[in-house]
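Biologist: Please pick a single part of this model and go through it closely. Then set that part against the rest of the chain.

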Amino acid sequence: MYWGVDDVDQVRTRLLAAGCEHHRGPLTIEPGRRIAQLRDPFGTIVGIEGP
């Protein structure tokens, strides 16, 4: 599952500061569409999608 966000880089930075760990990305899937995946403190992979 991916959460739609307005700014992948900004949200990724906030999640990392809140205790998440890098998992994958950010990756450009197609022009104007990027994704990133992070692992929360409980081990769950969280996906974010947006520009």
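Modeller: Aspartate 40 is buried but takes part in no salt bridge, and arginine 39, the nearest side chain of opposite charge, is 7.6 Å away. Buried here means under 20% relative accessible area, exposed means over 50%, and partly exposed is in between, with a 1.4 Å probe and protein chains only. A salt bridge needs a side-chain nitrogen of Lys or Arg within 4 Å of a carboxyl oxygen of Asp or Glu. For charge, Lys and Arg are positive and Asp and Glu negative, while His and the chain ends are not counted.

The model is predicted, so local features need pLDDT of at least 70 and side-chain atom pairs count only at pLDDT 80 or more, whereas totals for chains, interfaces and linings use all residues. Residues are numbered from 1 along each chain as its sequence is written, and side-chain values use heavy atoms, with hydrogens and water left out.

Aspartate 40 sits in the loop between β3 and β4 (45-50). Strands (E, at least two residues) and helices (H or I, at least four) are DSSP runs numbered from the N terminus. The side chain of aspartate 40 reaches the backbone nitrogen of phenylalanine 42 at 2.8 Å. That is a polar contact: N or O atoms within 3.5 Å, where within protein one must be able to donate a hydrogen and the other to accept it, and residues adjacent in sequence count only if both atoms are side-chain atoms. Apart from neighbours within four places in sequence, aspartate 40 is in contact (heavy atoms within 4.5 Å) with Cys20 and Val46.

Glutamine 37 belongs to strand β3 and is buried, because its relative accessibility is 13%.

Strand β3 (residues 33-39) pairs with strand β2 (residues 21-30) in the antiparallel sense over six bridges; pairing requires that DSSP finds at least two bridges between the strands. Histidine 22 has leucine 38 as its bridge partner in β3. The hairpin of β2 and β3 has two residues between the strands, and glycine 32 takes a positive phi near 85° there. Proline 26 is in strand β2, and the peptide bond joining glycine 25 and proline 26 is cis, with omega about 5°.

One joins arginine 34 and aspartate 9, whose closest N and O atoms are 3.1 Å apart. Arginine 34 lies in strand β3 and aspartate 9 in helix α1 (residues 8-17), so the pair ties together parts 25 residues apart in sequence. Aspartate 9 is partly exposed, with a relative accessible area of 38%. Glutamate 49 and arginine 33 form a salt bridge at 2.6 Å, N to O. This pair links strand β4, which holds glutamate 49, to strand β3, which holds arginine 33, over 16 residues. Glutamate 49 counts as partly exposed at 25% relative accessibility, and arginine 33 is partly exposed at 31%.

As for the whole protein, the elements run β-α-β-β-β from the N terminus on. Its radius of gyration, taken over C-alpha atoms, is 10 Å, close to the 10 Å from the globule rule for 51 residues (2.2 Å times the number of residues to the power 0.38), so the protein is as compact as a globular protein of that length. Buried residues make up 27% of the 51 residues.
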